[in-house]
Each structure stands twice: as C-alpha cells, then as structure tokens.
Amino acid sequence: MKIFSESHKTVFVVDHCPYMAESCRQHVEFDMLVKNRTQGIIPLAPISKSLWTCSVESSMEYCRIMYDIFPFKKLVNFIVSDSGAHVLNSWTQEDQNLQELMAALAAVGPPNPRADPECCSILHGLVAAVETLCKITEYQHEARTLLMENAERVGNRGRIICITNAKSDSHVRMLEDCVQETIHEHNKLAANSDHLMQIQKCELVLIHTYAVGEDSLVSDRPKKEFFPVLTSEVHSVRAGRHLATKLNILVQQHFDLASTTITNIPMKEEQHANTSANYDVELLHHKDAHVDFLKSGDTHIGGSSREGSFKETITLKWCTPRTNNIELHYCTGAYRISPVDVNSRPSSCLTNFLLNGRSVLLEQPRKSGSKVISHMLSSHGGEIFLHVLSSSRSILEDPPSISEGCGGRVTDYRITDFGEFMRENRLTPFLDPRYKIDGSLEIPLERAKDQLEKHTRYWPMIISQTTIFNMQAVVPLASVIVKESLTEEDVLNCQKTIYNLVDMERKNDPLPISTVGTRGKGPKRDEQYRIMWNELETLVRAHINNSEKHQRVLECLMACRSKPPEEEERKKRGRKREDKEDKSEKAVKDYEQEKSWQDSERLKGILERGKEELAEAEIIKDSPDSPEPPNKKPLVEMDEAPPVEKSKGPVSLLSLWSNRINTANSRKHQEFAGRLNSVNNRAELYQHLKEENGMETTENGKASRQ
C-alpha cells in the first residue's frame with residue numbers, strides 16, 4: 001500500500017568543496033546609478049556569483065515553492081558536504097521552514113577556496129542522505145501506530161537531489177554505485193531496528209553545474225532504473241539563471257504542479273500615480289486545479305512558463321472584484337499557490353492585495369460569447385488559495401430532468417418502464433433464513449444481486465432502441481422469462497405469446513418501429529418483423545441457462561421462425577409486387593414532373609420571343625431616322641388561309657397561343673421566291689445558266705450536256 005510517495009522525503013546534498021567557490025561567470029550589474037553619477041568617479045565593476053551561491057539560491061527557491069504549496073507532509077532535509085557531512089535540519093515539522101535553513105546555511109558560510117580539495121568529497125553527503133532517508137518521520141510514525149499489526153504496509157520512499165561539479169560520466173557512475181551500496185547496507189541495519197525503516201524506493205537526481213562559457217564534461221541522461229531500489233537521472237546545467245530555471249522545472253515535476261498566468265492585472269505606475277498599466281503574474285499550484293480544463297479539452301494555453309519550462313501555462317484573465325463575500329460562489333476545490341517570481345513588483349502587489357481580504361475572480365479568455373468565470377483567488381488565514389468555481393450545473397440547483405441525456409439533450413428514456421423495474425427490485429428486510437438446494441445458507445444481499453443481474457441481462461434504456469418492449473403482446477413473455485425457474489403455465493403463456501406474434505405477421509399487422517433519425521417511410525413490414533424476431537431471440541437466449549423450460553421456450557421460438565417453403569414463396573411474391581408498385585409509382589411521378597417542366601419551359605420561351613419581336617417592331621417603327629419598312633406580303637392571303645380545324649375536345653392555352661403567334665409571324669415577312677415557285681417543295685437552282693451554258697436540268701437536279 002503506497003501511503004507515502006517519493007515526494008514525502010527530499011534530501012538536498014550541496015557540494016561545499018573548494019571548486020564550488022569559482023565564479024559562475026554570469027555578470028550582474030552592481031552600480032545602477034548611471035544618470036546621477038558625478039564626473040570623475042569610476043563606476044563599480046560588475047559582480048558574479050559563485051557556483052556555491054547559485055546552488056544555494058536555486059535550492060532555496062525549490063524549497064520555497066514546496067513550502068508554500070505543501071506546508072505539511074512534504075519534508076526537506078539539507079546536507080552540506082565537504083570534508084564531512086553537515087546535516088542542517090531534521091525531519092521534525094519545526095525545522096521545516098526557510099528561516100531555519102537560511103540561518104543554518106549562513107552559519108556554514110561559503111566554501112574555502114584554499115582548502116585541500118583531496119580532503120573534500122561529495123560522497124560524505126550522499127552517505128549521510130541515505131542514512132537520513134532511513135529515519136522515521138513524525139507522519140510515518142503516526143501511520144505505523146494506527147495500523148499496528150499492518151505497520152509494514154507503510155512505505156518509505158524518498159528523493160536525493162545532489163548539486164555538484166562532477167568530473168566526467170565515469171565519476172557520475174561512481175556516485176550512483178556508492179548510493180546503491182549504501183542503501184543496501186543501511187537496509188540491513190534498518191531491518192533489525194524499530195527506529196529505522198528500510199528504503200523501498202529512492203530517486204537520485206544528480207545536477208552537474210558548471211560556469212557559463214565552459215564545456216560540460218557530463219552528458220544528460222533521463223530517468224533510468226539501475227537497481228530495483230534506485231532510479232537515477234543526470235542533468236548538466238550551466239550556473240546562474242539556467243540552474244534556477246532547472247530547479248523550477250524539477251519542483252513542478254516532483255510535486256505534480258501546474259502553472260497559471262493571471263493577465264491584465266491593473267496596477268498603478270510608481271513614476272505616474274495617475275496612470276496604470278496591465279501586468280501578468282505567473283502562479284504555481286497543484287495540477288488538480290486544471291482538471292476541468294483537461295476534461296473539456298479547453299486549456300487556454302498562452303505560451304511557455306518562464307524560460308524553457310517543460311510545461312505550458314494556462315492563461316486566465318483578471319476580473320475587477322465586485323464583492324468581498326466569497327460565499328456567493330460555488331467552489332469545488334481550493335489549492336495553495338506560490339508566485340514564480342516572488343520578488344517582482346507585480347507579484348508583491350498581487351499578494352498584498354489578496355492578503356488584505358480582497359478576492360479576485362478569474363475568467364477564461366474567449367474571443368466571442370459570454371465570459372466564463374472559472375477560478376477565484378482569495379486568502380484564508382494568511383495563505384492564498386486558488387479556488388476552482390463550478391462553471392457547470394451546481395448540485396445546489398434543481399436536479400436535471402430525468403429525460404435529459406448527455407449535454408442536456410432530451411432523450412426518449414423508458415422512464416415508466418424503469419419505474420416499474422425499480423418497484424420490482426426493491427430491497428426489503430429479510431428476517432427468515434433461507435437455504436439453497438445444496439444446503440448452504442442463502443445470503444439475502446447475494447440473492448438480490450443475482451436477481452438484479454438477471455433482470456438487466458437485456459434491458460434497453462431508450463424507446464427507439466427496442467421493439468418488443470413497446471409491444472403489449474410481448475409483455476407476458478418478457479415478464480416471466482427473467483425468472484430463475486418457469487412453471488408449465490409460464491411455458492404455455494410464452495408459447496401463446498409467440499403464436500400470437502406469428503399470427504400478427506401473417507395478418508401483416510404494423511409494429512411500433514421508431515422512425516426517429518430515418519428518412520422516408522422507414523423499414524418495410526418484413527424488415528420490421530425480422531428486427532422484432534431477432535430482438536426477441538436475444539432476450540430469450542440471455543436466459544437460456546436458467547432452466548430446461550427456458551430452453552423449451554427458445555425451441556418454440558426457433559420453430560416458429562423457420563417458415564415453410566410456401567410461406568417463404570408467398571412472402572417473396574409479396575415483396576416483388578411491392579417493389580414493382582413502388583417502381584411504377586416512382587416512374588409515373590418522374591414522368592409527370594418531367595412533362596410539366598418541359599411544357600412550362602416551352603411556353604416561357606414562346607412568350608419571351610413574342611415579346612422581343614413585338615418590342616423590336618415598335619422601336620423600328622417609331623424611330624425618325626429609320627427608313628420606311630418595305631411592304632411585306634404575307635405567305636398566304638387571308639382569304640386563302642386554310643380554316644383552323646376545330647378540335648374535338650377542349651383547346652389548351654398553349655395551342656391557342658401558338659396559333660396566334662404563328663399567324664402574326666406569317667404577316668411580318670416576304671415569302672421566299674423559291675418556295676412560291678417550287679413544286680412539291682423542290683425548287684430548281686441556277687435556271688439562268690440553262691440558256692448560257694446549254695445545260696438542262698434533270699428531274700433530280702443533276703446537269704447534263706446537250
């Protein structure tokens with residue numbers, strides 16, 4: 001049982017050897033008074049921190065974030081290693097604060113660059129770290145006391161973070177072997193002691209730090225399990241701000257932290273009191289504060305957290321606080337926070353604002369739509385918490401309707417049937433003992449579970465997913481088939497139900513098939529009955545192993561489903577006749593639609609052409625510059641025009657209009673001379689050449705020499 005993880009114990013081992021006194025070569029401008037400097041005064045040279053100072057500052061920042069978010073049950077032990085191991089604090093809760101650690105480090109002082117490097121080694125600190133991990137903490141002792149005889153179930157796991165300046169990869173391998181051997185030896189001692197605990201798992205994090213501008217002699221290596229008890233990882237990092245960034249990343253990995261950036265924080269400028277600017281502040285907290293974002297997939301990622309951070313930060317927008325009453329909001333979780341840049345002015349102003357009793361609402365940045373307030377910052381007892389506000393339906397509101405499905409969508413649940421199902425499966429006190437067939441005592445709770453399992457082997461939840469449970473004719477079978485054993489009367493009722501269904505199919509009675517989400521008329525009658533028979537067979541087969549009489553019901557069902565050949569032939573003929581009727585009906589509809597469309601298009605074209613010709617004639621006639629149009633002879637004289645045959649039936653509007661247009665068109669042009677002199681609609685061409693060339697035209701139009 002994993003009660004305590006590796007994060008419960010963290011041991012820092014910082015190298016205090018002479019080489020840690022070297023400069024990190026990252027310069028810091030010390031003299032900032034550039035504008036008001038008096039002439040003739042030489043400016044102060046920039047300074048640079050030592051490797052020791054960078055290591056201490058980075059490790060203290062690691063501890064600060066951990067103490068801010070986890071003030072209890074997450075413990076740190078600090079060890080300084082030079083000619084020996086110097087343990088600066090213990091596992092007691094009184095020693096777990098930054099003030100104690102800073103005071104102890106100040107007493108140790110910086111490393112002596114003139115000391116003999118042969119007498120100093122990081123191995124002293126690693127051995128002391130393993131020995132410290134074997135010691136029992138107050139929380140482990142309390143857990144072992146509560147469990148008593150199961151005290152061995154309390155786990156002892158820990159993590160060692162070693163900051164040093166290694167010489168090579170082989171040197172790193174030697175340090176790992178040393179830790180492994182030390183764990184093995186101390187586990188033997190702890191097995192025979194009541195005040196020590198064996199180490200079940202240890203994570204070794206080796207950080208090789210070196211000056212800026214130098215080449216690293218140690219290569220990075222991800223986490224790897226060398227031994228069953230020990231896992232190791234190596235990080236090669238430049239000193240200065242790079243080392244601080246690496247420790248910031250590690251503290252997020254080790255304690256499951258996440259980053260949130262508060263944007264658009266209004267803040268007055270120091271130089272201009274009447275103006276304000278918007279600032280951003282990044283906060284660290286437990287990752288559970290983002291669990292709603294991860295579920296919905298809406299993460300509002302705004303970029304990388306700080307410089308080169310391994311995680312993305314989630315952006316939330318500042319909302320102007322309107323009230324100090326935090327009870328007005330429904331909160332689902334509260335998590336302690338820690339600013340990433342604790343010494344910056346925006347972070348300091350934000351923390352002071354919150355510690356004065358104010359609360360800040362945070363909204364999700366959205367391009368459109370109404371704003372969604374998802375978090376709130378507020379302080380309790382001098383500590384700042386990030387509250388997660390429920391943006392969905394609250395349990396304090398009215399419960400949702402039983403007909404609502406996922407996302408509030410209304411679903412056709414079998415609500416009435418479910419109420420009947422609950423009524424049949426209620427739990428009641430069972431005082432009289434009952435025995436099974438084999439003589440063993442029957443437990444009422446187990447019997448109730450068994451009955452519930454039988455009733456839910458096949459029970460569709462939605463009306464549109466079932467056919468037989470919507471049919472009143474199937475109720476006698478569905479109500480008794482779930483029993484553990486059937487009587488002869490039950491079997492007879494089931495058989496009668498099956499015969500009634502066969503009679504319904506013979507009469508071609510309709511079935512309550514749901515057509516939700518389907519186009520057209522839905523499945524045909526034969527398909528409906530096929531679906532019904534399949535579902536009924538599924539229901540009966542789910543209970544076939546209950547007894548032999550359940551098997552008889554299934555045999556009756558299968559016998560009725562296997563129809564005789566003449567019945568199948570009749571069904572096929574009926575299906576073919578239905579298909580032919582559907583095809584002929586569809587063809588008639590298509591023909592009528594096509595014909596009506598063609599008639600309408602033809603009539604529209606005739607009307608448009610007639611209008612164009614009439615308009616053109618009017619324009620030419622009224623124009624003052626146009627010559628007088630020649631007199632056109634009609635193709636046929638009016639008195640010679642053949643009488644229009646009277647139709648035997650009613651004349652359509654199209655025929656009347658066509659006759660009128662043809663008559664009007666015949667009066668508007670001079671007939672072609674060849675057509676007037678033609679015989680049987682055949683005209684001789686080039687008649688004037690007959691006398692000139694001595695050619696005569698034959699009847700078929702071919703010329704020949706005389």
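**Notebook: strands, helices and their packing**

I began with the inventory: the chain holds 18 helices and 22 strands, where helices (H or I, at least four residues) and strands (E, at least two) are DSSP runs numbered from the N terminus. I note that this is a predicted model, in which local features need pLDDT of at least 70 and side-chain atom pairs count only at pLDDT 80 or more, while totals for chains, interfaces and linings use all residues. Residues are numbered from 1 along each chain as its sequence is written, and side-chain values use heavy atoms, with hydrogens and water left out.

**Entry 1. Whole chain**

I looked up burial and found that 35% of the 706 residues are buried; buried means under 20% relative accessible area, exposed over 50%, and partly exposed in between, with a 1.4 Å probe and protein chains only. The accessible surface of the chain is about 44800 Å², and carbon and sulfur atoms account for 52% of it; the areas come from the Shrake-Rupley method with a 1.4 Å probe. I then took the contacts (heavy atoms within 4.5 Å). Of those between residues at least 6 apart in sequence, 71% join residues at least 24 apart.

**Entry 2. The seven-stranded sheet**

I traced an open sheet with mixed pairing, ordered β5-β4-β1-β6-β7-β9-β8; two strands pair if DSSP finds at least two bridges between them. The edges are β5 (85–87) and β8 (221–225), each with a single partner strand, so one side of each has no neighbour in the sheet. On average, neighbouring strands are turned by 20° against each other, direction ignored.

E225 has T231 in β9 as its bridge partner. Further in, β6 and β7 pair in the parallel sense over eight bridges, and G158 stands opposite C202 in β7.

**Entry 3. Burial of β7**

I checked β7 residue by residue: ten of its ten residues are buried, so the strand is largely enclosed by the rest of the structure. In a regular strand the side chains alternate between the two faces of the sheet. On one side of β7 I listed K201, E203, V205, I207 and T209, and on the other C202, L204, L206, H208 and Y210.

**Entry 4. Helices across the sheet**

I recorded α3 (residues 123–133) as lying across β1, β4, β5, β6 and β7, at about 155° to β4. Helix α5 (residues 169–191) lies across β7, β8 and β9, at about 145° to β9. Axes are lines fitted to C-alpha atoms, for helices over the stretch in contact, and angles run from 0 to 180 degrees between N-to-C directions.

The 23 residues of α5 reach 33 Å from first to last C-alpha, close to the 33 Å expected at 1.5 Å a residue; the expected span is 1.5 Å times one less than the number of residues. Its buried residues include H171, E176, C178, H186 and N187, and their cover includes α3, β7, β8 and β9.

I found L243, N248, Q252 and H254 among the buried residues of α6. D256 follows this helix with a positive phi, near 55°.

The axes of α12 (residues 488–507) and α13 (residues 525–541) come within 11 Å and cross at roughly 170°. That makes α12 roughly antiparallel to α13, the term for angles over 145 degrees.

Notes:
Angles under 35 degrees count as roughly parallel, over 145 as roughly antiparallel, 65 to 115 as roughly perpendicular and the rest as oblique.
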